[in-house]
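I opened this notebook to keep a record of what I looked up in the structure, one topic to an entry.

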Protein chains: 2
Amino acid sequence: MARIVMKFGGTSMAGTERIRRVAKIVQRQQAAGHEVAVVVSAMAGETDRLVNFSREASALYDPAEYDVVVASGEQVTSGLLAMHLQALGSKARSWLGWQLPVRTDDAHGSARIEAIDSDAVIASMQAGEIAVIPGFQGISPQGRITTLGRGGSDTSAVAVAAAVKADRCDIYTDVDGVYTTDPRIVAKARKLKNVTYEEMLELASVGSKVLQTRSVSLAMKEKVRVQVLSSFIDEDAPAADTLPGTMIVSDEELAKIQEGLDMERQLITGIAADKNDAKVILTAVPDRPGAVATIFGPLAAANINVDMIIQNVGRADTDTDVTFTVPQADLERTKAVLDENRPSIGYEKLSTDPKISKISVVGVGMRSHAGVAATMFKALADRGINIQAISTSEIKVSVLIDSDETELAVRLLHTAYGLDAA
Amino acid sequence: MARIVMKFGGTSMAGTERIRRVAKIVQRQQAAGHEVAVVVSAMAGETDRLVNFSREASALYDPAEYDVVVASGEQVTSGLLAMHLQALGSKARSWLGWQLPVRTDDAHGSARIEAIDSDAVIASMQAGEIAVIPGFQGISPQGRITTLGRGGSDTSAVAVAAAVKADRCDIYTDVDGVYTTDPRIVAKARKLKNVTYEEMLELASVGSKVLQTRSVSLAMKEKVRVQVLSSFIDEDAPAADTLPGTMIVSDEELAKIQEGLDMERQLITGIAADKNDAKVILTAVPDRPGAVATIFGPLAAANINVDMIIQNVGRADTDTDVTFTVPQADLERTKAVLDENRPSIGYEKLSTDPKISKISVVGVGMRSHAGVAATMFKALADRGINIQAISTSEIKVSVLIDSDETELAVRLLHTAYGLDAA
């Protein structure tokens, strides 16, 4: 017997037939002998509908009232799933964010979970009742409804799993696991049986949108074992214990698993591409101490996340060109901030390029191996792909290239690192 | 300065433009110098949508989960109205049923309000903040969401008015007041300036659906002054203090008002027609002591509300015919109960007739005047309208007639009692 938290997204909850399917999958998990809690999203499209009503009310809407409005979507699906489970003969009840409660800070619209009171819900689960919990919502210290920000239900699920000390948190998604790369780009991409939290974090942060980054960070911090599964499984399929999803585990657990298998870990776990950044080039910035701070200080103050930075020597000895990337969504704000601070920065020209792509190879195996980056550079150079910038972390190497070459680069690297399925 | 509770129904809250209109009407009320709370319904159609989801989940859905689902409709509109008020520059916040809290019993789906904690919301109103409160919802002693049953928002508004000791509860409806009769039937119907709680109760119970009956009972019990107003007023109209709605008041207040006007109260206040009942005829019931109990005992046990009852002598001395009315919605269940109990009742034949109408004349003035019923019977007899049954209360006389003659009867009586507008 184990204690399992299951999470279903908006596509799985969109309408009566789909909720009934989810209820059957949940019930089968319980029938396999487990204690079960389910975290649900709003029906697909519902949150957008509610957000639109809020925007129509006011461009500068009160985030506390926004939370009252948008949290209703998950409230509805949690009540409905409890009813469907009961209709199938299971005991079930909904536990809203303010009922558990899921205690958060008061940063309405993007609140952080601080604690979840789990005694009542654990007692209920132990009594054989399935707990149905709306994702995305909590309650502030002032007793008002909060929400965690878009996609927050993954985080809710991991937080609930930590609070109830679940053996596993199964996240049912539109894909059936984590792949070595996007299978739409590389037909020979392979599904990974296991991936570590850190690898998953790096993959998530560079565009592999299987899980919300925050949920992976939380899982790593709280040591919650997370399994990514397909929500499109047959409703008569066996319980998730035996389903072939991807398990996200700690380095130690991965080492143990691989020891058992008596095989060496792949050097590289996966390859991700991210087209969501834009490049900003400042030409002829005066080359004096503190010059860079005049650029990135104001951007940080405006909460704009700068990623890769390259500094080239400019045309004269006394100035330099500075290139960096920001999320495309922040590009207009970036230009406004730089324009406003032009007197202090003193650049000659500001130009931008959204046609870039960041390609990353990720793997804990590279910690103990040299030459990972060299393999990457050579593979790209051999096909004439120009590298515009490079950044590295302990388990990741990223390069910036022309976005037209994204798919080609991913395929080349997938082969170069020996990831292609047989 | 007064303290006013305003209530808007689903038609008024259906979409961004309408909510903005409501916000303007509410703001104008505050600008007139009053402390204001607003009780809102869900957007028109939304509750039906949520009820359908619940029914699709299970014919025998859990009423506790049903309440979780359907209460979300009012949660959304209360958050949105608070945003719209803020967008117009007012201070405003939503107070959900569990936040005030509105304490109810645990009869999910048709809960009764037991108490409303009003200290926090009164303090907020005194500080100039408009309180926006979702109607229809509360919280059970077990801490779960409850709802009051369809149309419960009128009751919520009156209960909030009582709790915050409001000077007035303004109910904005699809009509602009209470009329002497349905203006669609009688063009010369007049809008009443005042009507007493008891008159309103009798009018509501016989088909004049301006207010939910429960809300009128509660207003009478708690001595809340209720004004019925049109929600279709121009958004630039003056505050409701000077709007010509109908005020529902106590007998004493009415007497005071009429003293001031130095005129005599009309004998009859209004005439109502109700086509929602059906007639049931049991032929040749054995005429022995306790016979009637064998009929109405089982119907009461089945929670079927029997209204008018007529007992005629049958063909033989030893039996009798019993005729009575029940709501048309309960007719099938009524037939089933009678069929099941036929051995103990011993009737010969069961026949039914849904083509009936109950016409009622209502007025506190008839307490002190004889001859009210005689005027009614004569007016109907003169035009050959057959009276199938009669029932009376202290301030009401009702007759049962063929439903084809409904409109004719209402017009005749409106003239006979001198109610026609000049």
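The entries below go from the pairing of the chains to the domains, then to a sheet, and end with some backbone details.

**Entry 1, the model and its two copies.** I note at the outset that this is a predicted model. I first looked up how the two chains are related, and found that a rotation of 180°, with 0.1 Å of shift along its axis, superposes chain A on chain B with an RMSD of 0.2 Å. I therefore write the relation down as that of a two-fold axis.

**Entry 2, the contact between the chains.** How many residues of chain A are in contact with chain B? I recorded 27 residues of chain A in contact with 27 residues of chain B. On the side of chain A that touches chain B, the helices α2 (46-57), α3 (63-70) and α4 (72-87) of chain A each supply at least two residues, and the largest share, 11 residues, comes from α4(A). Sorting that side of chain A by class, I have 12 nonpolar, 12 polar and 3 charged residues. I also checked whether the same surface serves both copies, and it does, since 100% of the contact residues of chain A recur in chain B.

The domain assignment of chain A gives domain 1 as 3-175 + 210-261 and domain 2 as 266-422. Taken over C-alpha atoms, the centres of domain 1 and domain 2 of chain A are separated by 35 Å.

**Entry 4, a sheet in chain B.** I then followed 4 strands of chain B that form an open sheet in the order β13-β18-β20-β19, with antiparallel pairing. Which strands are at the edges? They are β13 (270-274) and β19 (389-393) of chain B, each of which pairs on one side only. On average, neighbouring strands of this sheet are turned by 20° against each other, direction ignored. Within the sheet, I looked at strand β18 (residues 356-362) and strand β20 (residues 396-402) of chain B, which pair in the antiparallel sense over 7 bridges; as one bridge of β20(B), I noted B:Asp402 as the partner of B:Ile356. Helix α13 (residues 372-382) of chain B packs on the sheet and touches β18, β19 and β20 of chain B, and the direction of this helix makes about 20° with that of β20(B).

In chain B, the peptide bond from B:Leu100 to B:Pro101 is cis, with omega near -10°, and B:Pro101 lies in the loop between β3 (91-94) and β4 (102-104) of chain B.

A:Lys223, a residue other than glycine, has a positive phi near 55° and is found in the loop between α8 (213-222) and β11 (226-230) of chain A. Is A:Lys223 buried or exposed? I count A:Lys223 as exposed, because it has 12 C-beta neighbours inside 10 Å. B:Phe136 is not a glycine either, and its phi is positive at about 80°; its place is in the loop between β6 (129-134) and β7 (137-139) of chain B. B:Phe136 has 28 C-beta neighbours inside 10 Å and therefore counts as buried.

Conventions:
Residues are numbered from 1 along each chain as its sequence is written. Chains are lettered from A and ligands numbered from 1 in the order in which they are written. This is a predicted model: local features need pLDDT of at least 70, side-chain atom pairs count only at pLDDT 80 or more; totals for chains, interfaces and linings use all residues. Two strands pair if DSSP finds at least two bridges between them. Axes are lines fitted to C-alpha atoms, for helices over the stretch in contact, and angles run from 0 to 180 degrees between N-to-C directions. Two residues are in contact if their C-beta atoms, placed from the backbone, lie within 7 Å. Copies are superposed by least squares on the C-alpha atoms of residues with pLDDT of at least 70 in both. Domain bounds come from an automatic or database domain assignment. Ala, Val, Leu, Ile, Met, Phe, Trp, Tyr, Cys and Pro count as nonpolar, Asp, Glu, Lys and Arg as charged, and the others, Gly among them, as polar. A residue is buried if 20 or more other C-beta atoms lie within 10 Å of its own, exposed if 12 or fewer, and partly exposed in between; C-beta atoms are placed from the backbone.
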